[in-house]
Amino acid sequence: MVKVSLTREQDMRKSPPELFPLDVTFDGYRAVLQQQLPYLGTSLLVSAGTVILTVVLAAPAAYALAKLRPRGGGVLSFVLLVAQMIPGIIMAMGFYAVYLGLGVLNSWPGLILADSTIAVPFAVLVFTAFMSGIPDELLQAARTDGAGPLRTFWSIVLPVSGNAVVTVSLFAFLWAWSDFIFASTLDGGGRLRPITLGIYHYIGNNNQQWNAIMATAVVASVPAAVLLVIAQRYVAAGVTAGAVKD
């Protein structure tokens, strides 16, 4: 991607091809700065909103499954597993019919809600595995001090679940950031399109601006790469939590 993003249009089909471009051009990156920033902003907004909504919904649900053990909790866990098997295009068609009736097509709240449906089932399972490993004695001590279920969750369970929060947030962000199916189905004709659709600005029937396409891909990859590097050790701890019992 980096090599093509720095290659001039006339050198794209050069034979033999160059391993590294000899005549470097930054036209693709100039095009990104001039034309793609609104799309990047929309992707950032949708991804951040998806992270917030996913954590807000999944953390309390996982706490209930792991520690409060409601009746039918096993069935609900199975349903969450099955929900992850539903193809995204099927869900996108259902969302389109619902959004059309509600008048929320081509809107960022609609995209946030749709992207969260992919992240929430996974997030609940990760949170449940992590919270199951929290000692019951810790929660019992909180109850002895007069804390109710909500206060125990907010003051005890959530703070010690930091690794799981980072893991869930990272995966939710990456799924929303890279989403194409929901974006093209629910926001294909709107002004607030994410970067996965903005890249098609450079693709036409008879012309493809490959250096601009690859420059956009490079810029769009930077946030995901940075987050992965920063959160690597938290993710490793979060996804393995609950795998081994003492």
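1. Asn106 sits in the loop that joins helix H5 (88–102) to helix H6 (108–132). The model is a predicted one, and the points below should be read with that in mind. The phi angle of Asn106 is positive, about 60°, although the residue is not a glycine. Most residues other than glycine have a negative phi. Is Asn106 buried, exposed or partly exposed? Its relative accessibility is 37%, so Asn106 counts as partly exposed, given that this class lies between the limits of 20% and 50%.

2. Arg69 is found in the loop between H3 and helix H4 (73–83). Arg69 is not a glycine, yet it has a positive phi of about 50°. The relative accessible area of Arg69 is 53%. Exposed means over 50%, and therefore Arg69 is classed as exposed.

3. The next point concerns a pair of helices. Two packed helices are described by the angle between their axes and the distance between the axes. Helix H3 covers residues 37–68 and helix H8 covers residues 149–160; they pack at an angle of about 105°, and their axes are 11 Å apart. Angles of 65 to 115 degrees count as roughly perpendicular, so H3 and H8 are roughly perpendicular to each other.

4. Which residues make the contact between these helices? From H3 come Ala59, Pro60 and Tyr63. From H8 come Pro149, Thr152, Phe153, Val157 and Leu158. Sorted by class, the contact of H3 with H8 has seven nonpolar residues, one polar residue and no charged residues.

5. Thr25 lies in the loop between helix H1 (2–5) and helix H2 (27–35). Is Thr25 buried or exposed? With a relative accessible area of 7%, Thr25 is buried, because buried means under 20%. Leaving aside residues up to four places away in sequence, Thr25 touches Ser5, Leu6, Thr7, Arg8 and Asn211. The side chain of Thr25 also makes a polar contact, at 3.2 Å, with the side chain of Asp27.

6. Thr167 belongs to helix H9, which spans residues 162–177. The relative accessible area of Thr167 is 0%, so this residue is buried. What separates the C-alpha atoms of Thr167 and Ala231? The separation is 7.7 Å, while the two residues are 64 residues apart along the chain.

Notes:
Residues numbered from 1 in each chain as written. Predicted model: local features only at pLDDT ≥ 70, side-chain atom pairs only at ≥ 80, totals over all residues. Heavy atoms only, no water. Helix = DSSP H or I, 4+ residues; strand = E, 2+ residues; numbered from the N terminus. Buried < 20%, exposed > 50% of the residue type's maximum accessible area, 1.4 Å probe, protein only. Polar contact = N/O pair within 3.5 Å; in protein donor to acceptor, adjacent residues only side chain to side chain. Contact = heavy atoms within 4.5 Å. Axes fitted to C-alpha atoms, helices over the stretch in contact; angles between N-to-C directions. Parallel < 35°, antiparallel > 145°, perpendicular 65-115°, else oblique. Nonpolar A, V, L, I, M, F, W, Y, C, P; charged D, E, K, R; others polar.
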